[in-house]
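Subject: Structure handover

Hello,

Here is the structure I promised to pass on to you.

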4 protein chains.
Amino acid sequence: MNSPTATLLISCPDQKGLVAKIANFIYANGGNIIHADQHTDFSAGLFLMRIEWQLDGFNLPRDVISPAFAAIAKPLQAVWQLHFSDTIPRIAIWVTKQDHCLLDLLWRAKSREFAAEVPLVISNHNTLKSIAEQFEINFFHLPISSENKIQQEARQLEILREYKIDLVVLAKYMQVLTREFINYFPNVINIHHSFLPAFAGANPYQRAYDRGVKIIGATAHYITADLDEGPIIEQDVVRVSHRDTVTDLIRKGKDLERVVLARAVRLHLQNRILVYGNRTVVFA
Amino acid sequence: MNSPTATLLISCPDQKGLVAKIANFIYANGGNIIHADQHTDFSAGLFLMRIEWQLDGFNLPRDVISPAFAAIAKPLQAVWQLHFSDTIPRIAIWVTKQDHCLLDLLWRAKSREFAAEVPLVISNHNTLKSIAEQFEINFFHLPISSENKIQQEARQLEILREYKIDLVVLAKYMQVLTREFINYFPNVINIHHSFLPAFAGANPYQRAYDRGVKIIGATAHYITADLDEGPIIEQDVVRVSHRDTVTDLIRKGKDLERVVLARAVRLHLQNRILVYGNRTVVFA
Amino acid sequence: MNSPTATLLISCPDQKGLVAKIANFIYANGGNIIHADQHTDFSAGLFLMRIEWQLDGFNLPRDVISPAFAAIAKPLQAVWQLHFSDTIPRIAIWVTKQDHCLLDLLWRAKSREFAAEVPLVISNHNTLKSIAEQFEINFFHLPISSENKIQQEARQLEILREYKIDLVVLAKYMQVLTREFINYFPNVINIHHSFLPAFAGANPYQRAYDRGVKIIGATAHYITADLDEGPIIEQDVVRVSHRDTVTDLIRKGKDLERVVLARAVRLHLQNRILVYGNRTVVFA
Amino acid sequence: MNSPTATLLISCPDQKGLVAKIANFIYANGGNIIHADQHTDFSAGLFLMRIEWQLDGFNLPRDVISPAFAAIAKPLQAVWQLHFSDTIPRIAIWVTKQDHCLLDLLWRAKSREFAAEVPLVISNHNTLKSIAEQFEINFFHLPISSENKIQQEARQLEILREYKIDLVVLAKYMQVLTREFINYFPNVINIHHSFLPAFAGANPYQRAYDRGVKIIGATAHYITADLDEGPIIEQDVVRVSHRDTVTDLIRKGKDLERVVLARAVRLHLQNRILVYGNRTVVFA
């Protein structure tokens, strides 16, 4: 199990022989499949698959796998990604003033719960700088105003490129990203402090309190240009009662936000998520 | 514990001495309190209390309790209700075509999970008549159209009066009640097949599927004139995944709807719910 | 999606090429795979797979599929089962005196939640006879004593054979089955009213109350000769508090038992469960 | 609401007039009750109550409240505690090598989720010393062997006295405390990494895996002389599947352990827990 693995994430129009063709490609080259899962969305006529195999004993050199598989994928009209388990992704965590998600992610990264490096924290405030320093991570303070937003996003993209960042995690980053930013850099996971689509937008805990709900939630999703409308990765909930004030909802919500965001990041890092339309398939 | 009990549900502006005054009233008359719970909503400046005591050994005759307590309640500007545990409430269940909530409620009533009688089922269709017959319950078929709605609601109210109904349970009744009906008869519990306020309105399971949520829910609430906006009594949720079709959501949702509605009805029958503003206090 | 399907459940020693060989078998014969899921238990060196494909357009006649697949399975040392979705399994429900699981299963069968027929109820008491009659199902009253247990189990097996029963569901059947019975008829699902292995054996709700737990559970499992030790299929839990008496635990537990048992039966009927050692793989 | 409060936790044989007598005591002295909750265990004949009132406007000086209430409590044969909300409790956290619960508790203390001070970490290993230093908390390394256990417990008690510790939290402290220690210092909360009473004792995750459970849990409880048998304060659970290895159970369990332990500590610090027999009443 300690062999590095390759993982293919594939989606294509449904047709006969897909599993056989993909499995044959791996078997013919000496690969041992350790995980394979598929899903067919019949209404969309779409086949989606995740397949992972050990690289030890696999006959194709790594740089040949992509071109070799492309020859199979093209006639299937497949969209696909190839990942190697020993290529460690690089995460930038973006925050505003709240520390609970940031600390939680950094602790998990340090504890090896995530196979990822976090070289970078970006914030529109200076509040959490000391946490980044404590974990010996670079901290960029990029204040955002309506006047400088475009320039600051350009600077943010520059930093992401410079640090070769694969994934941005908005860990309570209280700014909206522009459509342009997301077009350039689509791998952005956000944690929203409500059970979406309930209480999309601002102040979800206050609104949950006002509505008198008996359960609150948190939602991790990919960012799209439509605020709080992106594909949902993970959600979880906790009970509340009339005894809980808004302050209590916020406190209980923090525990949810931490764990829901961490699960989503982990699923992404393990290449278990396929997005189609505004939905996710999570091969958990 | 087999003694019948009296239960007071009280709300009034918060002030010193409320617990003492109410507890003294019961103690001075020889009552043994078996349950007392209170809540103070500081932002509303409101005190809410449920207090239950044994009638065995209580010195006041039942018909004197209300006038005697009124003398205490009036200077406190309290709104209050008095209930006796051996006065069995009478429920009318309203349905359309789906049977799962109806069967579940009838089974619970028959199994003595509810201290209530169900003499009556009303439906806008004939589909579930045989179930009412099997349980030897009267079944009224009152079809609703845009033309006859006002007359049919008048007929429904007439039936509720005739059968001395205390509580209407909308067990998948797919018609909206008018503001006028609710003004006349406010004790109506509904089960909505979503985690309100998400997916208020029609087709919540289809919309939950389209949004790609990872958890679905059900909500029991009191009916108000604003559709799906009434005070929430109880909610619960269940996980779904990309493998679940809309049909699966509907099936999983049925199990939620049954149990959430049953819990809400039970809490109401035990006089554990106080409504204020658009919120409930549930002394569970 | 309305085509009937075939489902293979396979387990064999892990080795390269398994997915390819099995998928090729289906593809070579014109089958369209609609669901495939696999699991490798590395510590046991075991590969387990569920694969389902449409029979429409599949070139092999049904009675040839087994011998044809056997030729592939044998060199892999595979243990396997083949099921057709339009072969409706037949269930015998066994009960004692409690009706909640029985009614729930019969309601689900009638509502087409289960693709199964229930021709038969067996009980060691006469209490629930009228329910069987109401659903027009045969009811066998077979009282059990220490003297007659062996003969009654022989009679039970005779009935199962006569009615061509595929699955026995112990829906609160309060008798232990002998090792001999289980050897003859191993497809038996039981619902245990605790979160196993906590409170295995008798009176779990009383013991849960005495221990002061804050959560109770229910467990559906296959029966083995060791009481309450069989492979677990499904579990679920519900919160309790100091306010809940043993009677409340029993009431809350009933809702759990119903839904946990129903989920387990459904998973079994959909051929989603593989047992190995004392564990289950549930391809949900 | 910013007024400091006093909280009484009371248990006594059930009898008439208890609520009235206690509420009168507070009202007669000018107190405003902001929270009152009670429970009667009829089988034990025991009345238990938590009552909290504002000290602003209360006529009795703090040091007179106890003797004044004693005069009321004595004839009731009541056992009781009095706490002031602005007396900040002092916690010692004990750990071995795992950091997740320690970090979580320290973060919550620093974020003011807990109204408590943590001046002290004790460990039988040196592993987590740097965490204590980072939070500027004293760290005591007291290795335990079968030979030195008695002396080290004496030293531990000495430290607790010296630092005026009110509560010991075993945050993954992998040593058993002796009966003698617990007699001297009974306020000890432990987190056990299973859903007690399932998998009491060592290696619960491995045993949960071996048993093939579908849900794992964590349990916070007060320590007694009987290992893992003390009164349960809080439990929670999370789903697992056949895909989860023992390592996954441990990882998922960490998230449970953190939140379950934190909830239990918070409930204790808010004086919401009454212990009787081997049970807790949690006035949440």
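The lining of the second largest pocket divides into nine nonpolar, eight polar and nine charged residues; Ala, Val, Leu, Ile, Met, Phe, Trp, Tyr, Cys and Pro count as nonpolar, Asp, Glu, Lys and Arg as charged, and the others, Gly among them, as polar. This is a predicted model, in which local features need pLDDT of at least 70, side-chain atom pairs count only at pLDDT 80 or more, and totals for chains, interfaces and linings use all residues. Residues are numbered from 1 along each chain as its sequence is written, chains are lettered from A and ligands numbered from 1 in the order in which they are written, and side-chain values use heavy atoms, with hydrogens and water left out.

Back to that pocket. Its space comes to about 650 Å³, the volume being what is filled by probe spheres set on grid points joined across faces, edges and corners. A pocket here is an open set of points on a 1 Å grid over the protein atoms alone, where a 1.4 Å probe fits, with protein on both sides within 12 Å along at least five of seven lines; lining residues have an atom within 4 Å of a point. Of the 26 lining residues, Leu103(B), Gln134(B), Leu103(C), Gln134(C) and Phe135(C) lie nearest the centre. Helix 3 (100-110) and helix 4 (129-134) of chain B, and helix 3 and helix 4 (129-134) of chain C, each supply at least two residues. The most comes from helix 3 of chain C, with five residues. Helices (H or I, at least four residues) and strands (E, at least two) are DSSP runs, numbered from the N terminus.

Arg108(C) also lies in helix 3 of chain C. Is Arg108(C) buried or exposed? Arg108(C) is buried, with a relative accessible area of 2%; buried means under 20%, exposed over 50% and partly exposed in between (1.4 Å probe, protein chains only). Its side chain makes a polar contact with the side chain of Asp104(C) at 2.7 Å. For a polar contact, a pair of N or O atoms must be within 3.5 Å; within protein, one must be able to donate a hydrogen and the other to accept it, and residues adjacent in sequence count only if both atoms are side-chain atoms. Not counting residues up to four places away in sequence, Arg108(C) touches Asp255(B), Arg258(B), Glu113(C), Phe114(C), Arg258(C), Val259(C) and Ala262(C), where contact means heavy atoms within 4.5 Å.

One of those partners, Glu113(C), sits in the loop between helix 3 (100-110) and strand 6 (117-123) of chain C. Glu113(C) is buried too, at 10% relative accessible area. Leaving aside neighbours within four places in sequence, its contacts include Arg251(B) and Lys254(B).

In chain D, Asp236(D) is found in strand 11 (residues 232-239) and is buried, at 18%. The side chains of Asp236(D) and Arg263(D) make a polar contact of 3.1 Å.

Finally, the symmetry. A rotation of 180° with 0.0 Å of shift along its axis superposes chain D on chain A (RMSD 0.0 Å), by least squares on the C-alpha atoms of residues with pLDDT of at least 70 in both. That is the relation of a two-fold axis. Because 100% of the interface residues of chain D are also interface residues in chain A, the copies meet through the same surface.

Best wishes
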